[in-house]
Amino acid sequence: MDVRELAMQQLKTVIDPELGINVVDLGLIYDLKIAGGQIDVLMTLTTPGCPLHDSIAGGVKRALEQIDGVRDVRVQVTWNPPWTPERMSEEALRQLGHFS
């Protein structure tokens, strides 16, 4: 498994506590840049005033630091483009009771 796959697998362990769904299925991860032992994450949250901002961003950082060979993880939260429910995976929609 390559580092990108491992990173996405690790990110699925980071759960948004309010919705109970992981950050990948919620569509909060916009970009991952992996170079050597460094991972740069560009992500968003469901709302700009999210009280769990630090908790979720910190969870992303800690999850990625668990990957062998990763020396540094930088997490940047952006609001552009803003998150919308259309970014959620089918699995997330199912968990919230929406069926396609």
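How many strands does the open sheet have, and what is their order?

Mentor: The open sheet has three strands, in the order 3-4-5, and their pairing is mixed. Here two strands pair if DSSP finds at least two bridges between them. Strands are DSSP runs of E with at least two residues, helices are runs of H or I with at least four, and both are numbered from the N terminus. Keep in mind that this is a predicted model: local features need pLDDT of at least 70, side-chain atom pairs count only at pLDDT 80 or more, and totals for chains, interfaces and linings use all residues. Residues are numbered from 1 along each chain as its sequence is written, and side-chain values use heavy atoms, without hydrogens and water.

Strand 3 (29-35) and strand 5 (72-77) each pair on one side only. On average, neighbouring strands are turned by 15 degrees against each other, direction ignored. The axes are lines fitted to C-alpha atoms, for helices over the stretch in contact; angles between N-to-C directions run from 0 to 180 degrees.

Now take strands 3 and 4. Strand 4 covers residues 38-43 and runs antiparallel to strand 3, with six bridges joining the two. Asp31 stands opposite Leu42 in strand 4. Ile34 faces Ile39 of strand 4. The two strands form a hairpin with two residues between them. In that turn, Gly36 has a positive phi of about 60 degrees.

Next, strands 4 and 5. The side chains of Arg74 and Asp40 meet in a salt bridge at 2.8 Å, N to O. That term means a side-chain nitrogen of Lys or Arg within 4 Å of a carboxyl oxygen of Asp or Glu. Arg74 lies in strand 5 and Asp40 in strand 4, so the pair ties together parts 34 residues apart in sequence. Arg74 is partly exposed at 45% relative accessible area, and Asp40 is also partly exposed, at 25%. Buried means under 20% relative accessible area, exposed over 50%, and partly exposed in between, using a 1.4 Å probe and protein chains only.

What packs on the sheet? Helix 2 (residues 53-65) does, touching strand 4 and strand 5. Its direction makes about 150 degrees with that of strand 5. Contact means heavy atoms within 4.5 Å.

Follow the chain past strand 5. Thr78 lies in the loop between strand 5 and helix 3 (90-95). Thr78 is buried, with a relative accessible area of 14%. Beyond its neighbours within four places in sequence, Thr78 contacts Tyr30, Leu42, Met43 and Thr44.

Finally, look at the nonpolar core. The term means a set of buried Ala, Val, Leu, Ile, Met, Phe, Trp, Tyr and Cys residues joined through side-chain atoms within 4.5 Å. The largest one has 26 residues. Among those with the most contacts inside it are Ile29, Val41 and Val60. Helix 1 (3-11), strand 3, strand 4 and helix 2 are the elements that give two or more residues. Helix 2 gives the most, with four. In soluble globular proteins, nonpolar side chains tend to be buried together. Val23 touches Leu11, Val14, Leu28, Ile29, Ile56 and Val60, not counting residues up to four places away in sequence.
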